[in-house]
Amino acid sequence: MNCSLLFRSVLVGFLLFGILGGNSSAAVWRIGFGKVDITPTESVRLSGYASRSESSVGVADPLFARAMILSPMDESKDHESVILVSIDSIGTTSSLTAEIATWLEIEYRIPRKQMVLSSTHSHAAPHLEGGLQNLFTQPSSDEQLKQTHSYTQVVHDGIRAAVRAAMTKRQLGKLSIGEDSATFAVNRR
(Lines give C-alpha, C1' and ligand atoms only; values in the text may rest on other atoms or scores of the structure.)
Protein backbone atom coordinates (compact mmCIF):
# COMPACT_ATOMS: atom_id res chain seq x y z
CA MET A 1 0.00 0.00 0.00
CA ASN A 2 1.55 3.35 -0.93
CA CYS A 3 1.93 6.11 1.65
CA SER A 4 -0.73 8.39 0.16
CA LEU A 5 -3.32 5.61 0.21
CA LEU A 6 -2.35 4.65 3.75
CA PHE A 7 -2.56 8.31 4.81
CA ARG A 8 -6.06 8.64 3.35
CA SER A 9 -7.23 5.35 4.89
CA VAL A 10 -6.03 6.28 8.36
CA LEU A 11 -7.54 9.74 8.04
CA VAL A 12 -10.94 8.51 6.95
CA GLY A 13 -11.07 6.03 9.82
CA PHE A 14 -9.94 8.64 12.33
CA LEU A 15 -12.39 11.24 11.15
CA LEU A 16 -15.44 9.15 10.56
CA PHE A 17 -15.31 7.14 13.75
CA GLY A 18 -13.55 9.56 16.07
CA ILE A 19 -15.14 12.82 15.10
CA LEU A 20 -18.47 11.75 13.65
CA GLY A 21 -18.98 9.11 16.32
CA GLY A 22 -19.36 6.28 13.83
CA ASN A 23 -22.24 7.96 12.00
CA SER A 24 -21.96 6.70 8.44
CA SER A 25 -24.17 9.36 6.85
CA ALA A 26 -22.41 11.78 4.50
CA ALA A 27 -21.31 15.03 6.13
CA VAL A 28 -20.43 18.27 4.37
CA TRP A 29 -17.17 19.93 5.41
CA ARG A 30 -14.60 22.38 4.13
CA ILE A 31 -11.66 20.09 3.35
CA GLY A 32 -8.08 21.10 2.60
CA PHE A 33 -4.87 19.27 1.78
CA GLY A 34 -1.27 20.43 2.03
CA LYS A 35 1.96 18.71 1.04
CA VAL A 36 5.48 20.07 1.59
CA ASP A 37 8.80 18.54 0.58
CA ILE A 38 10.98 17.79 3.64
CA THR A 39 13.74 15.93 1.81
CA PRO A 40 17.09 16.70 3.47
CA THR A 41 19.49 18.85 1.48
CA GLU A 42 22.53 17.72 3.45
CA SER A 43 23.86 14.38 4.63
CA VAL A 44 22.02 13.13 7.75
CA ARG A 45 21.97 10.00 9.88
CA LEU A 46 19.10 7.71 8.98
CA SER A 47 16.73 6.17 11.48
CA GLY A 48 16.16 2.44 11.14
CA TYR A 49 19.82 1.55 10.55
CA ALA A 50 20.98 0.51 14.02
CA SER A 51 24.45 -0.69 13.06
CA ARG A 52 25.15 1.99 10.45
CA SER A 53 27.26 4.79 11.86
CA GLU A 54 27.70 6.90 8.71
CA SER A 55 25.36 9.63 7.49
CA SER A 56 23.38 9.34 4.26
CA VAL A 57 25.13 9.67 0.92
CA GLY A 58 22.22 10.62 -1.34
CA VAL A 59 18.47 10.71 -1.85
CA ALA A 60 16.49 7.91 -3.49
CA ASP A 61 12.98 9.34 -3.01
CA PRO A 62 11.59 12.66 -1.79
CA LEU A 63 10.11 12.92 1.70
CA PHE A 64 6.98 14.90 2.56
CA ALA A 65 4.92 16.39 5.35
CA ARG A 66 1.23 16.11 4.53
CA ALA A 67 -1.80 17.66 6.19
CA MET A 68 -5.53 17.22 5.82
CA ILE A 69 -7.96 19.55 7.52
CA LEU A 70 -11.70 19.19 7.91
CA SER A 71 -13.51 22.31 9.04
CA PRO A 72 -17.19 22.90 9.80
CA MET A 73 -19.21 24.78 7.20
CA ASP A 74 -19.54 27.75 9.55
CA GLU A 75 -16.24 29.68 9.36
CA SER A 76 -16.77 31.04 12.87
CA LYS A 77 -16.24 27.44 14.06
CA ASP A 78 -12.81 26.96 12.44
CA HIS A 79 -11.49 26.17 15.94
CA GLU A 80 -13.52 22.94 15.69
CA SER A 81 -11.47 21.78 12.69
CA VAL A 82 -9.78 18.39 12.83
CA ILE A 83 -6.31 17.85 11.44
CA LEU A 84 -4.28 14.82 10.42
CA VAL A 85 -0.60 15.36 9.74
CA SER A 86 1.68 12.65 8.37
CA ILE A 87 5.44 12.85 7.94
CA ASP A 88 7.75 10.53 6.06
CA SER A 89 9.73 9.35 9.07
CA ILE A 90 10.26 6.23 11.14
CA GLY A 91 8.14 7.79 13.89
CA THR A 92 7.17 10.98 15.60
CA THR A 93 8.33 12.29 18.95
CA SER A 94 6.31 13.56 21.87
CA SER A 95 8.18 16.88 21.72
CA LEU A 96 7.36 17.30 18.01
CA THR A 97 3.71 16.52 18.69
CA ALA A 98 3.58 18.91 21.65
CA GLU A 99 5.24 21.75 19.73
CA ILE A 100 2.90 21.38 16.74
CA ALA A 101 -0.14 21.13 19.05
CA THR A 102 0.91 24.31 20.87
CA TRP A 103 1.43 26.09 17.55
CA LEU A 104 -2.03 24.99 16.31
CA GLU A 105 -3.63 26.28 19.51
CA ILE A 106 -1.92 29.67 19.17
CA GLU A 107 -2.22 30.04 15.38
CA TYR A 108 -5.71 28.61 14.80
CA ARG A 109 -7.25 28.02 18.28
CA ILE A 110 -7.43 24.30 17.44
CA PRO A 111 -6.96 22.16 20.58
CA ARG A 112 -4.60 19.18 20.80
CA LYS A 113 -7.45 16.68 20.96
CA GLN A 114 -8.37 17.58 17.35
CA MET A 115 -4.94 16.82 15.85
CA VAL A 116 -3.16 13.59 14.98
CA LEU A 117 0.51 13.54 14.03
CA SER A 118 1.53 10.27 12.41
CA SER A 119 4.40 8.86 10.40
CA THR A 120 4.76 6.56 7.42
CA HIS A 121 7.27 4.52 9.44
CA SER A 122 10.03 4.69 6.86
CA HIS A 123 13.29 2.99 7.85
CA ALA A 124 15.10 5.05 5.24
CA ALA A 125 14.19 8.51 6.54
CA PRO A 126 16.40 10.81 8.62
CA HIS A 127 16.63 10.41 12.36
CA LEU A 128 14.66 13.07 14.26
CA GLU A 129 15.96 14.79 17.36
CA GLY A 130 14.50 13.14 20.45
CA GLY A 131 13.41 10.01 18.60
CA LEU A 132 14.47 6.40 19.20
CA GLN A 133 17.26 7.21 21.63
CA ASN A 134 18.39 3.58 21.93
CA LEU A 135 18.44 2.89 18.19
CA PHE A 136 22.09 3.25 17.30
CA THR A 137 24.85 0.87 18.35
CA GLN A 138 27.32 3.77 18.01
CA PRO A 139 26.52 7.25 19.30
CA SER A 140 26.11 10.09 16.81
CA SER A 141 29.07 12.40 16.31
CA ASP A 142 28.80 16.10 17.14
CA GLU A 143 28.41 16.83 13.41
CA GLN A 144 25.64 14.24 13.07
CA LEU A 145 23.85 15.69 16.10
CA LYS A 146 24.05 19.13 14.50
CA GLN A 147 22.66 17.74 11.21
CA THR A 148 19.86 15.94 13.06
CA HIS A 149 18.93 19.14 14.91
CA SER A 150 18.90 21.10 11.65
CA TYR A 151 16.81 18.50 9.84
CA THR A 152 14.33 18.25 12.73
CA GLN A 153 13.74 21.99 12.31
CA VAL A 154 13.07 21.39 8.58
CA VAL A 155 10.39 18.87 9.59
CA HIS A 156 8.81 21.32 12.08
CA ASP A 157 8.73 24.05 9.42
CA GLY A 158 7.41 21.61 6.80
CA ILE A 159 4.53 20.53 9.03
CA ARG A 160 3.56 24.15 9.68
CA ALA A 161 3.72 24.93 5.95
CA ALA A 162 1.61 21.86 5.08
CA VAL A 163 -1.03 22.85 7.65
CA ARG A 164 -1.10 26.45 6.38
CA ALA A 165 -1.47 25.21 2.79
CA ALA A 166 -4.32 22.90 3.79
CA MET A 167 -6.07 25.74 5.64
CA THR A 168 -5.90 28.07 2.63
CA LYS A 169 -6.98 25.40 0.12
CA ARG A 170 -10.14 24.27 1.89
CA GLN A 171 -13.07 23.50 -0.42
CA LEU A 172 -16.51 22.06 0.12
CA GLY A 173 -16.53 18.29 0.26
CA LYS A 174 -18.47 15.34 1.61
CA LEU A 175 -17.22 12.48 3.72
CA SER A 176 -18.82 9.10 3.59
CA ILE A 177 -17.81 5.59 4.50
CA GLY A 178 -17.73 2.38 2.52
CA GLU A 179 -16.47 -1.13 3.01
CA ASP A 180 -14.85 -3.66 0.71
CA SER A 181 -12.36 -6.48 0.90
CA ALA A 182 -9.28 -7.70 -0.94
CA THR A 183 -8.57 -11.40 -1.23
CA PHE A 184 -4.91 -11.12 -2.24
CA ALA A 185 -1.81 -10.68 -0.08
CA VAL A 186 -3.62 -11.95 3.00
CA ASN A 187 -0.41 -13.42 4.45
CA ARG A 188 2.69 -11.67 3.14
CA ARG A 189 5.24 -13.82 4.98
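1. Two strands are taken to pair if DSSP finds at least two bridges between them, strands being DSSP runs of E with at least two residues and helices runs of H or I with at least four, both numbered from the N terminus.

2. The model is a predicted one, in which local features need pLDDT of at least 70 and side-chain atom pairs count only at pLDDT 80 or more, whereas totals for chains, interfaces and linings use all residues. Residues are numbered from 1 along each chain as its sequence is written, and side-chain values use heavy atoms, with hydrogens and water left out.

3. The five strands form an open sheet of mixed pairing in the order β4-β3-β2-β1-β5. Because β4 (115–119) and β5 (171–175) stand at the edges with a single partner strand each, one side of each is left without a neighbour in the sheet.

4. Strand β3 (residues 82–87) runs parallel to β4, to which five bridges join it, while its pairing with β2 (residues 64–71) is antiparallel over six bridges; M68 stands opposite L84 in β3.

5. Is β3 enclosed or open? Six of the six residues of β3 are buried, so the strand is largely enclosed by the rest of the structure, buried meaning under 20% relative accessible area, exposed over 50% and partly exposed in between (1.4 Å probe, protein chains only). V82, L84 and S86 lie on one side, and I83, V85 and I87 on the other.

6. By contrast, L172, which lies in strand β5, is exposed, with a relative accessible area of 61%.
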